[in-house]
Amino acid sequence: MSKNNKKKIEYGDWQTNFPLALSVCQYIKKQGVNPQIVIEPTCGIGNFVLAAIEVFDNIEEIYAIEINAEYTQALSERLANKKITPKIHIINDSIFNVDLLQIKRKIRGKNILVLGNPPWVTNSKLGEYESGNIPLKSNFKQNKGLDAITGKGNFDIAEFITYQMIEMIEGESGTLAFLLKSSVIKNLVFEQKKADAL
């Protein structure tokens, strides 16, 4: 496997094209969502960020997080060519290193939209590549016994990021709009039902 392909898989690097990002934002707006804060936790070159700016007219701040420095540079250059009203925080780091609680404190009481297309790769696949772009080891699904240390401990990185973002907007006026695999959605629904039963 080439170095570029390995890196693409390691970072779940499949950019959402701008027309699709624009369609997603337009659909969200038709549902009555008009956020003050937009968070894109794995923004890539920023197609969702630019689509949100084009579609929503109430944005005060945008948090665009991306591990790849070339992409954050590309986003900065794309934004420089536009007349932008909201304050944009471009954070060049892994979402797993960002202090989300600090951001949550800053945006408390605002109408929040979290959107994007988080990486479609599992933690075990990242382990094969000895990647550093993984969350700290934890039993975040609260599995017991062997389940916690065997196959059920494997999860999709998009699923972990989604849980982080749900926690981020919990207790706030917020909307989460991610492009996710159906298996991730099933896991999210299952875990929610399991939590409700406790």
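Two strands are said to pair if DSSP finds at least two bridges between them. Helices (H or I, at least four residues) and strands (E, at least two) are DSSP runs, numbered from the N terminus. The model is predicted: local features need pLDDT of at least 70, side-chain atom pairs count only at pLDDT 80 or more, and totals for chains, interfaces and linings use all residues. Residues are numbered from 1 along each chain as its sequence is written, and side-chain values use heavy atoms, with hydrogens and water left out.

Strand β1 (residues 37-40) pairs with strand β4 (residues 111-116) in the parallel sense, over 3 bridges. Val 38 stands opposite Leu 113 in β4. These strands belong to an open sheet of 5 strands with parallel pairing, in the order β3-β2-β1-β4-β5. At its edges lie β3 (87-92) and β5 (173-178), each of which pairs on one side only. On average, neighbouring strands of the sheet are turned by 15° against each other, direction ignored. Helix α4 (residues 69-80) packs on this sheet and touches β2 (61-66) and β3, where contact means heavy atoms within 4.5 Å. The direction of α4 makes about 160° with that of β3. Axes here are lines fitted to C-alpha atoms, for helices over the stretch in contact, and angles run from 0 to 180 degrees between N-to-C directions.

A helix pair is formed by α2 (residues 18-30) and α3 (residues 47-55), whose axes come within 8 Å and cross at roughly 45°. The two helices are therefore oblique to each other; angles under 35 degrees count as roughly parallel, over 145 as roughly antiparallel, 65 to 115 as roughly perpendicular and the rest as oblique. Residues of α2 that meet α3 include Phe 18, Leu 22 and Lys 29, and those of α3 include Phe 48, Leu 50 and Val 55.

Helix α8 (residues 157-169) has 13 residues and reaches 19 Å from its first C-alpha to its last, close to the 18 Å expected at 1.5 Å a residue. The expected span is 1.5 Å times one less than the number of residues. Of the 13 residues of α8, 11 are buried, so the helix is largely enclosed by the rest of the structure. Buried means under 20% relative accessible area, exposed over 50%, and partly exposed in between (1.4 Å probe, protein chains only). Among the buried residues are Glu 159, Phe 160 and Tyr 163. Just after α8, Gly 171 takes a positive phi of about 85°.

Ile 185, in helix α9 (residues 182-197), is partly exposed, with a relative accessible area of 40%. Ile 185 and Glu 159 are 26 residues apart in sequence and 8.0 Å apart in space, C-alpha to C-alpha.
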